[in-house]
Amino acid sequence: MDIAIDYDGTYSVDTNLFHRLVNMMRHYGYQPFILTARPEECADDIHEAVGDFMPIVCCKPGQWKRDAAKEHGYNPVFYI
């Protein structure tokens, strides 16, 4: 099951905490990923902070987050 985690004001606030939470989510069989409303061209700092730790999904301008997630093959059971 997929879990979408927002970056700005969520993951970015305490990356150490979210690293631990993400590892716990994976332990229980969840697939966490970053889902941001930012377009790809504005997400360099996200890619730098998250790296290969988990997938990052960016929205196209004007796109809803749930639509961006589905476009990338995710169906989040909930959003953080």
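Biologist: Which strands do the buried residues of α1 pack against?
Modeller: This is a predicted model, in which local features need pLDDT of at least 70, side-chain atom pairs count only at pLDDT 80 or more, and totals for chains, interfaces and linings use all residues. Residues are numbered from 1 along each chain as its sequence is written, and side-chain values use heavy atoms, with hydrogens and water left out. Helices (H or I, at least four residues) and strands (E, at least two) are DSSP runs, numbered from the N terminus. Counting contact as heavy atoms within 4.5 Å, the buried residues of α1 pack against β1 and β2 (31-36).

Biologist: Which residues in α1 are buried?
Modeller: Buried means under 20% relative accessible area, exposed over 50%, and partly exposed in between, using a 1.4 Å probe and protein chains only. In α1, the buried residues are F18, V22 and M25.

Biologist: Within what arc do the buried residues of α1 fall?
Modeller: An α-helix has 3.6 residues a turn, so residues three or four places apart point the same way. The arc is taken from the directions running from the helix axis to the C-beta atoms. Looking down the axis of α1, the buried residues line one face, because they fall within an arc of 60 degrees.

Biologist: Which exposed residues does the face of α1 turned away from its buried side carry?
Modeller: L21 is also found in α1, but L21 counts as partly exposed, at 30% relative accessibility. The exposed residues carried by the face turned away from the buried side are N16, R20 and H27.

Biologist: How far apart are the end C-alpha atoms of α1?
Modeller: The expected span of a helix is 1.5 Å times one less than its number of residues. For the 13 residues of α1 that gives 18 Å, which agrees with the distance between its end C-alpha atoms, 18 Å.

Biologist: Which residue stands opposite I34 in β2?
Modeller: Two strands pair if DSSP finds at least two bridges between them, and 4 bridges join the parallel strands β1 and β2. β2 is mostly covered, with 5 of its 6 residues buried. Standing opposite I34 is I5.

Biologist: How many disulfides does the count come to?
Modeller: A disulfide is a pair of cysteine sulfur atoms within 2.5 Å. The closest cysteine sulfur to that of C42 is in C58, 8.9 Å away and too far for a bond. The sulfur of C58 has its closest cysteine partner in C59, at 7.7 Å, again too far for a bond. The count of disulfides is therefore 0.

Biologist: Which residues does T10 touch, not counting residues up to four places away in sequence?
Modeller: T10 lies in the loop between β1 and α1, yet T10 counts as buried because its relative accessibility is 18%. Leaving out residues up to four places away in sequence, T10 touches I5, F18 and I80.
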